[in-house]
Each structure stands twice: as structure tokens, then as C-alpha cells.
Amino acid sequence: MLGPGQQNDMAPACDLIEGVSAQNVLADKAYDADKLYRKIINQGGDPVVPPKRNRKRQHAYDKALYKERNRVERFFSRIKQCRRIATRYDKLAQTFMGFVVLASIMLWLK
């Protein structure tokens, strides 16, 4: 799901996981929101999200499982080495996503 470049990541998060069943949902501190937590739990999952520092009630999370999120972060770091993807020059979402797929294939072939 590709949104506008100026939109924050949390805005479409609840819609993105709608109907998706997962045992665990890993995300960073930006996704520490009660609305998203309730949505994940209602769908039968377990949120693995570290709490923000300013939260009144700090919640527990699986730190060992959270470390696995690093793989996803490394993937995005690698595809952003392609300047066209990092700067998002393309006006059309279809064109941009095409280059994301192309960069992913090039990484996979290495």
C-alpha cells in the first residue's frame, strides 16, 4: 500500500492490517497507538511494539522477537541505495512501485 510522500506511516496502518491474520505484528515505536493495538488483538495477533517513552503506562513486548524486525529495516535500507527510490522522483505510484520491484529483484539476484 503506497500513500502520499508527506503522510506519516501510522495513518494507514489499521487499514493495512484489516483482514490479515498474523500471530505477531512487529513494528517500531511510531506505531505505538492504542487503536492499532486493539485492532491487532481483535484479529488474534500479538503486538510486538516497544512503547514510546512518554507513555503513562509502559507495556511489555517480546524484545527477542522485536530484533527480527531488523531484517525488514535492512531490506528498505538496501533498496533506498537506488537514488530513484530514495528520492521518489516518480509522480505515478505505479511507476514508483515498478522501480521498487525492480530494485528488489536486483537485490534478490545478488
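Biologist: Which helix gives the most to the lining of the largest pocket?

Modeller: In this predicted model, local features need pLDDT of at least 70 and side-chain atom pairs count only at pLDDT 80 or more, whereas totals for chains, interfaces and linings use all residues. Residues are numbered from 1 along each chain as its sequence is written, and side-chain values use heavy atoms, with hydrogens and water left out. A pocket is an open set of points on a 1 Å grid over the protein atoms alone, where a 1.4 Å probe fits, with protein on both sides within 12 Å along at least five of seven lines; lining residues have an atom within 4 Å of a point. Helices are DSSP runs of H or I of at least four residues, strands are E runs of at least two, and both are numbered from the N terminus. Here α4 gives the most, with six residues.

Biologist: How many residues line this pocket, and which lie closest to its centre?

Modeller: The largest pocket holds about 1500 Å³ of space, a volume being the space filled by probe spheres set on the points, which are joined across faces, edges and corners. Its lining has 40 residues, and Met 1, Asp 9, Leu 16, Tyr 31 and Phe 76 are the closest to the centre.

Biologist: Which residues of α2 are buried?

Modeller: Buried means under 20% relative accessible area, exposed over 50%, and partly exposed in between (1.4 Å probe, protein chains only). An α-helix has 3.6 residues a turn, so residues three or four places apart point the same way. In α2 the buried residues are Leu 36, Tyr 37 and Ile 40. They cover an arc of only 100 degrees around the axis, and therefore lie on the same side of α2; the arc is taken from the directions from the helix axis to the C-beta atoms. The face turned away carries the exposed residues Lys 35, Arg 38 and Asn 42.

Biologist: Is His 59 buried or exposed?

Modeller: His 59 is buried, at 14% relative accessible area, in the loop between β2 and α3. A polar contact is a pair of N or O atoms within 3.5 Å; within protein, one must be able to donate a hydrogen and the other to accept it, and residues adjacent in sequence count only if both atoms are side-chain atoms. The His 59 side chain makes such a contact with the side chain of Tyr 37 at 2.2 Å.

Biologist: What phi does Arg 88 have?

Modeller: Most residues other than glycine have a negative phi. Arg 88, which is not a glycine, has a positive phi of about 50 degrees.
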